[in-house]
Amino acid sequence: MTNIKNQIFSSYQKNPDLYDEIYDDEGKVKAVYQKLFDIYGGHSIQDYVNLNSKAKSSFFNQGITFQVYGEDNVQEKIFPFDLFPRIIDYDEWEIIEKGSIQRSKALNLFLWDIYHDKNILRENIVPLELITSSVNYLDQMNGIDPPGGIYNHISGTDIIKHKDGKYYVLEDNIRCPSGVSYVICNRTALKRALFGVFNHYKTHTVTNYAENLLDLLESVKPKGVDIPNCVVITPGMYNSAFYEHSYLAKTMGVELVEGRDLFVENDFVYMKTIQGPEKVDVIYRRIDDSFLDPLEFRPDSALGVPGLFSAYKKGNVTLANAPGTGVADDKAVYTYMPEIIRYYLGEEPILNNVHTYHCSRPSELEYVLDNIKDLVIKPVDEAGGYGISIGDSLSKEEIEKVRKQIKECPRKYVAQPIMSLSVHPTYIDKSESFEQRHVDLRTFTILGEDKQFVLKGGLTRVALKKGNLIVNSSQGGGSKDTWVLKK
Amino acid sequence: MSKEYTVTYTAENTYENWVDDAFWQFLIIPEENETQDLVSIDFTNSIHAINQFSINGYGFNTIRLHTRKKFKEISFKATFKIIKSFQDNTRTPSTPSMEEYSRLASTTDFKVDFEKYLRETRLTSIPNSKTGLFEFIPSLSIYENLLALNNWTYIYLQYTAGVTDVNTTLDEIIDKKHGVCQDFTHLFCAISKLNGIPARYVSGYLNHESGFFGDSQMHAWAETYIPSLGWVGFDPTNNIVADHNHIKVSHGKDYDDCSPLKGVIYTQGSNKTSHSVSVVSQQKAAQQ
C-alpha cells in the first residue's frame with residue numbers, strides 16, 4: 001500500500017540545502033500534509049497529466065489571463081496553476097495574519113505622518129531625502145485628510161519562508177497590489193479538479209474577499225453620503241491585470257469603469273450612464289497615481305479623469321488606495337520597517353525584515369560593490385520583478401554592468417543577501433513529475449478605520465524554472481491554491 | 001497706500017478639426033493675500049460653457065471649463081479688479097548674515113519645513129559643472145546676497161522672447177545667456193536653492209507702465225524665504241524687488257506647478273493658441 005502511495009513522489013528529489021514545505025529534516029512527510037500526500041499518492045501520473053490540462057483550459061475559457069510587458073508579440077497567457085496545494089496550519093497563519101496587519105497599520109500611520117507633521121523625519125528616524133527623492137512622493141497630498149484616516153486600504157505583503165524556517169517579508173505592495181483574483185480562481189479550479197480532497201481538511205474560505213472589500217469601500221465614503229456609489233476604475237483591457245479588475249467589480253456588484261466613463265463637475269465625480277449622470281462616491285482605483293488626473297499629474301494621461309484630484313482634495317470622492325501611498329512601498333523605505341513599526345505602534349515587528357544594504361550610504365555602497373555575487377540587487381522603484389539582478393547567477397561581465405549601474409545612481413538601488421525561498425513539490429509539465437520549486441506568499445490585507453481583515457489564503461507563487469528565485473507572474477511564475485486551516 | 005488695477009487676460013484657441021470634448025484649467029486668478037484684495041472677477045468664453053471654480057492640488061484657485069458642444073474656435077476673457085496695498089519703504093531690511101543663516105538652515109526642522117522649495121526640479125537644476133557661476137558672500141546678509149544674485153541674473157541673461165520654451169533646461173539657458181522671465185526666475189531659484197535658501201517660482205501679472213520687461217504675457221518672479229522677513233519677492237528679469245507692480249497668482253517649485261493654462265482636448269490635427277495680458281492701474285489716494 002505504502003509503495004502505491006509513494007508512486008507519484010518516487011522520483012521526487014530533495015535537495016538537503018533547501019527548506020521543503022512538506023518534508024521535515026528527516027525526510028518524513030509533515031503531519032499536516034500526510035492526508036493530502038496519501039490522497040495524491042493514490043493517483044497515477046497519467047491522472048495528473050489529464051487533470052492538469054483540464055485545469056489549464058478552464059483558465060483560458062474563463063479568460064483568466066494576463067499579458068507580459070516588453071515582449072514583441074504580446075500574447076494572452078494564463079498564470080500557470082499547480083494542482084498540489086500549499087497548506088498553512090493555523091498556528092503559523094496566526095503569525096502571518098498578525099504580522100500583515102501590523103505592517104499595514106504601521107505603514108498607514110507612517111503615510112499620515114509624512115503627509116502631515118512629518119515627525120518621523122524630524123526625529124531623523126527615517127531620512128528626509130529618502131522620502132522626498134522618491135518619485136512616488138506627492139507634494140499635493142500634504143495636509144489632505146483621507147476619509148477614516150486610511151491611505152493603504154489594500155496591501156499586498158510578499159512573504160517567504162527562509163531555510164531557517166522563519167517567515168520574512170520581502171516587500172509591501174500598497175499601490176495597486178494585484179493577484180487576489182487568482183487566489184479565488186485557484187480555489188475554484190482545484191475544487192473542480194479534485195473536490196474530494198477538501199473533505200479531509202477544514203480549510204478557510206477565500207470567497208469572502210469581495211464582500212470584505214466592498215464593506216471597506218463603503219466604510220470610507222465621503223462625509224454626508226448615505227449609501228455610497230462605488231466603482232472600480234481600470235486602465236482598460238490591455239492592462240495585465242484587467243481580468244482581476246473586472247472580476248472584482250463583478251463580484252462586488254459595482255460598475256467597472258475607465259477614465260472616459262467618468263467626468264468631474266463642480267468638484268463632484270459623475271459616471272456617464274444611459275439614464276444620465278450618476279454621482280460616484282468611492283473609487284477603487286487600479287490606475288497609477290501619475291495617470292489619475294491629467295490636470296494635476298501627467299498631462300498626457302488618457303486613462304484618468306480631469307479634475308479628479310480636486311474632487312478628492314475637497315472630500316467629495318474617496319480614492320482607494322489614496323494617492324501618494326507609493327512612497328511607502330519604495331524598497332528603500334522597506335528597510336526602515338522595523339523602526340517604523342516601533343515608532344508608531346510601540347511594538348516589535350512580528351514578521352522579519354530581510355537585512356538590506358542602502359547603496360545611498362557610502363559605507364554600504366562599498367560593501368555592495370565588493371559583494372555583488374552574494375547579493376540580490378533591486379531597483380527601489382520598480383514593481384513586478386523588473387530590473388532585479390541575482391548575484392550568483394551573473395557572469396563576470398554582467399556583474400561589471402550592474403556595478404556600473406549602481407555607481408551611476410546609488411540612490412536607485414538596494415541590495416539584500418540572497419534569501420533561500422522554501423520549496424514545495426510542484427507538478428512539472430515537461431518531466432511529468434513532481435519537483436521542488438521555490439515559493440513565496442502574498443497576503444492581502446484590508447484596512448479600514450475599524451476594520452482589519454487578512455484574506456485567509458493568499459497567493460502562493462511558484463518559480464517554475466528550476467532554481468529560479470523570482471516568482472512574479474511577469475517573470476514566468478505560476479501559483480498554487482493556498483489552504484489556511486481552521487483551528 | 002494702495003493702488004487699483006484692472007487685469008485682462010485673453011486667450012484664443014483655433015483647431016484644425018472639430019473638438020468634441022474639452023477640459024480647460026486656468027490658473028490666472030490673483031491670489032488674495034496681505035497686500036492683494038480681489039475685488040471682482042469676470043470670466044467669459046465664446047461658446048458659453050459654464051465656469052467652475054475649483055482649488056487645485058497646491059491650494060490655488062482655478063477656473064475650469066468643460067465643453068460638450070462641438071467647436072473649432074474658442075476664446076476666453078478674464079477681467080480682474082485688484083487693490084494692491086503697499087508701504088513706501090525703501091530701506092534695506094536687516095537680515096541675518098549667511099553664516100548665521102547656515103546654522104539655522106542646517107537643523108532638521110528647517111530642512112523638513114522647507115524641503116519642497118530646496119528640492120531640485122526638472123527646471124531648476126544646474127549641472128555640476130556650472131554651479132560656480134555665482135558665489136554667495138558669507139559675511140554679507142542674506143538679503144544683500146539675494147539682491148546681488150538678482151542683479152547678477154539680470155546682467156547674465158539677455159531678455160529675448162521666443163528663443164526658449166517651457167521645456168528649456170537651465171543647462172541650455174546658461175550657455176546661450178538669453179531667455180524670458182521664466183528662465184530668469186528658474187536661474188535665480190536654482191542658485192538660491194544651491195546656497196540653501198528656499199526659493200519658489202511665482203506666476204502673476206506685472207504692471208508694465210513703468211517700462212519693465214515681460215511683454216504682454218503673464219510674468220514670473222521668485223520668492224525666497226528669509227528668516228525674520230518671510231517670503232520675499234525678487235524679480236530678476238527687471239532687477240527689482242517685487243513691489244506694488246507685481247500681482248501674484250500662484251507659486252510652486254517651478255513653472256510646471258504654475259502653468260496658467262492646462263487643457264485636455266479631444267481632437268486631432270494642429271491647433272493655434274494665443275494669449276495676451278493687459279494691466280491698467282489707477283492710482284488711488286492714500287486711504288488711511
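Two strands pair if DSSP finds at least two bridges between them.

First, the ground rules. This is a predicted model: local features need pLDDT of at least 70, side-chain atom pairs count only at pLDDT 80 or more, and totals for chains, interfaces and linings use all residues. Residues are numbered from 1 along each chain as its sequence is written, while chains are lettered from A and ligands numbered from 1, in the order in which they are written.

One more term. Helices (H or I, at least four residues) and strands (E, at least two) are DSSP runs, numbered from the N terminus.

Let's start with strand 19 of chain A. It spans residues 433-448. How many of its 16 residues are buried? The count is 14, so to speak of cover, the strand is mostly covered. Buried here means that 20 or more other C-beta atoms lie within 10 Å of the residue's own, with C-beta atoms placed from the backbone; exposed means 12 or fewer, and partly exposed is in between.

Now its partners. Strand 18, residues 423-428 of chain A, runs antiparallel to strand 19 and is joined to it by six bridges. Pro425(A) has Gln436(A) as its bridge partner in strand 19. These two strands form a hairpin, with four residues between them. In that turn, Glu432(A) has a positive phi of about 50°.

Next, strand 4, residues 154-161 of chain A. Six bridges tie it to strand 19, again antiparallel. Look at Gly156(A): its bridge partner in strand 19 is Phe444(A).

Strand 20 of chain A covers residues 451-454 and has four bridges to strand 19, antiparallel. Strands 19 and 20 of chain A make a hairpin with two residues between them. Leu447(A) stands opposite Gln452(A) of strand 20.

Then strand 21, residues 459-463 of chain A. Four bridges join it to strand 19, antiparallel. There, Arg442(A) has Leu459(A) as its bridge partner.

A general point on strands. In a regular strand the side chains alternate between the two faces of the sheet.

On to domains. Chain A is divided into domain 1 (1-222 + 317-352 + 441-487) and domain 2 (355-417). Those bounds come from an automatic or database domain assignment. The domain centres, taken over C-alpha atoms, are 25 Å apart. Across the boundary, 14 residues of domain 1 are in contact with twelve of domain 2. Contact means C-beta atoms, placed from the backbone, within 7 Å. Which element gives the largest share of the domain 1 side? Helix 11 of chain A, residues 331-334, with three residues.

There is also an open sheet of four strands in chain A. The order is 14-17-15-16, with antiparallel pairing. Strand 14 (357-358) and strand 16 (389-390) stand at the edges with a single partner strand each, so one side of each has no neighbour in the sheet. Strand 15 (residues 375-379) and strand 17 (residues 413-417) of chain A pair over five bridges. Val376(A) has Gln416(A) as its bridge partner in strand 17.

Last, the chain interface. 21 residues of chain A are in contact with 19 residues of chain B. On the chain A side, helix 10 (308-313) is among the elements giving two or more residues. Helix 10 of chain A gives the largest share, three residues. By type, the chain A side divides into eight nonpolar, six polar and seven charged. Nonpolar covers Ala, Val, Leu, Ile, Met, Phe, Trp, Tyr, Cys and Pro; charged covers Asp, Glu, Lys and Arg; the others, Gly among them, are polar.

Conventions. Two residues are in contact if their C-beta atoms, placed from the backbone, lie within 7 Å.
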